[in-house]
Amino acid sequence: MEIFGVPSALLGSQLLVGLINGSFYAILSLGLAIIFGLLNIINFTHGAQYMMGAFVAWIALNKLGINYWVALLFAPIVIGALGVLIERTMLRKLYKLDHLYGLLLTFGLALIFEGIFRDQYGISGQSYPVPELLQGGVNLGFMFLPIYRGWVVVAALTVCFATWFIIEKTKLGAYLRAGTENPQIVQALGINVPLLITFTYGFGVALAAFAGVLAAPIYQVSPLMGSNLIIVVFAVVVIGGMGSIMGSILTGIGLGLIEGLTRVFYPEASAVVVFVIMVIVLLVRPAGLFGRA
Amino acid sequence: MQTKKLTTLACAAAFAMLSGAASAQISGNTVKVGVLTDMSGTYSDLAGAGAVLATQMAIEDFIAEAKPAFKVEMVSADHQNKADIASNKAREWFEREGVDVATELVTTSTALAVMKVAKEMNRITLMSGPGSTPITNEQCNDLSVHYTYDTYALANGTAKAVTQQGGDTWYFLTADYAFGQALERDSSAVVTANGGKVLGSVRHPFPASDFSSFLLQAQASGAKIIGLANAGADTTNAIKQAAEFGVTPKQSLAGLLMFISDVHSLGLQSTQGMYLTTGFYWDLNDETRAWSKRFFDKHKRMPTMVQAGQYSSVMHYLRAVKAAGTDDSGKVMAQMKTTPINDFFAKNGRIRDDGRMIHDMYLAQVKKPDESKYPWDYYHIRQTIPADEAFLPLAQSKCPLVKK
């Protein structure tokens with residue numbers, strides 16, 4: 001059977017691949033959305049933090065013998081701690097200033113981190129093997145699905161929805177939202193707001209590192225892997241509505257699917273389709289699809 | 001008064017003659033080599049710092065061997081794979097810093113831009129890194145040398161061998177820019193000429209990181225061979241994901257441009273069995289091993305063909321300057337073209353009128369992990385492609401210098 005001249009099996013497989021990429025976009029844009037929504041910082045270091053997450057997993061495996069499953073926890077903790085350090089020593093001084101200062105600082109940090117890794121490891125990247133348990137694939141009839149990719153969707157979406165739940169439905173999340181809305185009152189209730197903010201930035205960064213570990217067996221672990229992705233992820237956040245948690249998750253998945261379809265019908269446009277959508281959305285709904293104007 | 005005038009005139013004439021004589025030799029008694037390369041981007045592992053090191057080695061070896069009366073200096077810069085940055089830097093070097101020769105120039109766009117500036121200012125360009133054939137075809141000039149490889153030689157090596165060995169149906173995964181398209185065009189021609197059939201192609205954005213969609217399309221085509229008409233990180237990611245999606249080993253991949261740095265970073269597990277064409281392999285013979293070991297000691301990585309070619313081209317240039325006794329571009333180029341190249345990189349290599357340096361190329365197959373006995377033991381050399389067959393015949397050249 002064919003749909004618009006494309007075999008339906010191929011279409012089905014492209015949709016599935018789109019969903020897989022979409023879950024990457026979702027988890028990365030979620031981290032960005034949390035940091036922007038709660039801290040008002042446009043975290044341009046996010047791509048570099050994603051890259052460093054992958055590198056920590058690679059270093060952990062090759063130098064320390066730490067396997068993939070431990071790295072899924074280990075790398076986010078290490079990079080999240082680095083995030084805490086950055087927040088405490090640098091970002092904190094910028095909260096009262098315009099967004100632009102935070103953007104410039106984080107952009108500079110991204111260049112420094114990428115430079116360090118490029119100097120140490122070169123540009124071609126390092127190979128990270130797929131963990132033994134997830135090797136191979138299943139034949140779905142219309143496509144061969146690598147088990148690892150299936151796992152990526154499950155892991156990414158689970159973490160995304162757990163994060164949404166914590167922020168929107170729990171007491172801790174309520175403190176967090178209130179703390180950023182009106183820090184003085186929340187502070188007066190005996191809650192340590194600065195600590196809460198530090199924790200939030202660290203958590204957003206840890207999400208990037210987690211995505212990095214998920215990505216390591218799929219892509220070459222390379223110093224530029226983050227900068228290639230980060231612009232698309234920013235577009236996802238803008239389309240979803242800056243700071244909207246659910247918006248970034250749903251938009252991430254949706255754009256992954258649209259990108260997948262573009263690759264079948266007009267592959268040359270697949271790199272720009274996200275930005276075309278961004279332009280249209282900004283014209284029609286300047287606050288983004290899920291943003292509050 | 002009259003005598004004083006005469007004396008002044010005589011002195012002036014003598015001075016003019018002297019300075020004339022000096023300028024016919026080496027300007028400023030210094031030969032300055034400029035290395036313009038990618039120091040930080042996609043191609044920095046295959047060229048970059050390694051190419052700068054190779055140039056340094058060539059200069060040191062030349063001074064030790066030839067004990068020239070003139071000085072040799074090197075400058076280097078990062079062109080960031082951008083044509084405008086490359087041509088501005090080259091102009092500055094030629095105009096203000098007395099650079100005699102621009103070298104390396106990985107990425108075709110930077111090479112073409114610098115060739116033009118150099119020709120305008122009567123300087124030589126030696127290109128080891130870029131791949132596209134227009135450099136010695138439509139855009140050729142009499143002061144440029146394309147040294148290490150080109151897309152014709154790559155297609156002629158890999159596509160021909162793979163087609164002749166039964167890989168007769170092809171589907172191309174092509175990076176959507178000038179280099180990828182040239183590589184696809186040259187390879188398709190070779191496949192068809194050898195009785196194969198091209199079933200289709202997909203053009204992917206450059207650069208791309210996720211190839212799964214494109215690989216699924218290639219898989220659906222049912223072609224025996226998926227030709228990767230791309231380079232660097234695009235190639236390595238495509239190879240890695242092809243294994244993941246079960247594309248290989250049912251269908252085979254042909255990397256139309258792969259460097260040893262790519263094989264090294266991917267590992268033999270994902271690259272085993274692949275064919276590739278190269279102008280140089282470090283483990284070919286005692287001479288290549290000796291030089292490569294010296295390179296390795298300083299760089300901690302074995303040289304790519306671009307880096308080895310860079311050494312050879314700079315050495316050939318410096319020897320020509322010494323033999324011609326001048327750094328005048330035209331005379332040096334004439335000397336370079338009449339002298340055969342015999343070193344660890346090339347045997348009986350020669351530079352044709354269109355600027356193409358022709359030398360033997362090699363068809364390599366990547367070893368299986370258990371066949372690799374020591375670090376960087378990566379290739380079986382399956383075939384030597386003789387110089388005369390490896391490159392586009394002059395009769396087919398579109399270079400105005402050789403058109404009858």
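How many salt bridges does the rule find across the interface of chain A and chain B? The rule finds three, a salt bridge being a side-chain nitrogen of Lys or Arg within 4 Å of a carboxyl oxygen of Asp or Glu. One pair joins the side chains of Arg263(A) and Asp210(B), at 3.1 Å from N to O.

The model is predicted; local features need pLDDT of at least 70, side-chain atom pairs count only at pLDDT 80 or more, and totals for chains, interfaces and linings use all residues. Residues are numbered from 1 along each chain as its sequence is written, chains are lettered from A and ligands numbered from 1 in the order in which they are written, and side-chain values use heavy atoms, without hydrogens and water.

Between chain A and chain B, 15 residue pairs are in polar contact, both residues at pLDDT 80 or more. A polar contact is a pair of N or O atoms within 3.5 Å; within protein, one must be able to donate a hydrogen and the other to accept it, and residues adjacent in sequence count only if both atoms are side-chain atoms. On the side of chain A that touches chain B, the elements giving two or more residues are helix 1 (8–39), strand 4 (144–146) and helix 10 (245–265). Helices (H or I, at least four residues) and strands (E, at least two) are DSSP runs, numbered from the N terminus. Helix 1 of chain A gives the most, with five residues. By class, this side of chain A has 14 nonpolar, ten polar and four charged residues. Ala, Val, Leu, Ile, Met, Phe, Trp, Tyr, Cys and Pro count as nonpolar, Asp, Glu, Lys and Arg as charged, and the others, Gly among them, as polar.

The contact (heavy atoms within 4.5 Å) takes 28 residues from chain A and 27 residues from chain B. The buried area is about 2500 Å², and carbon and sulfur atoms give 51% of that. This area is the accessible area (1.4 Å probe) that two parts lose on being put together, summed over both.

Over all chains, the whole structure holds 21 salt bridges. In one of them, the side chains of Asp150(B) and Arg356(B) meet at 3.1 Å, N to O. The pair links distant parts of the chain, 206 residues apart. Asp150(B) lies in the loop between strand 5 (144–146) and helix 5 (151–164) of chain B, and Arg356(B) in the loop between strand 11 (350–351) and strand 12 (357–358).

The peptide bond from Phe206(B) to Pro207(B) is cis, with omega near -10°.
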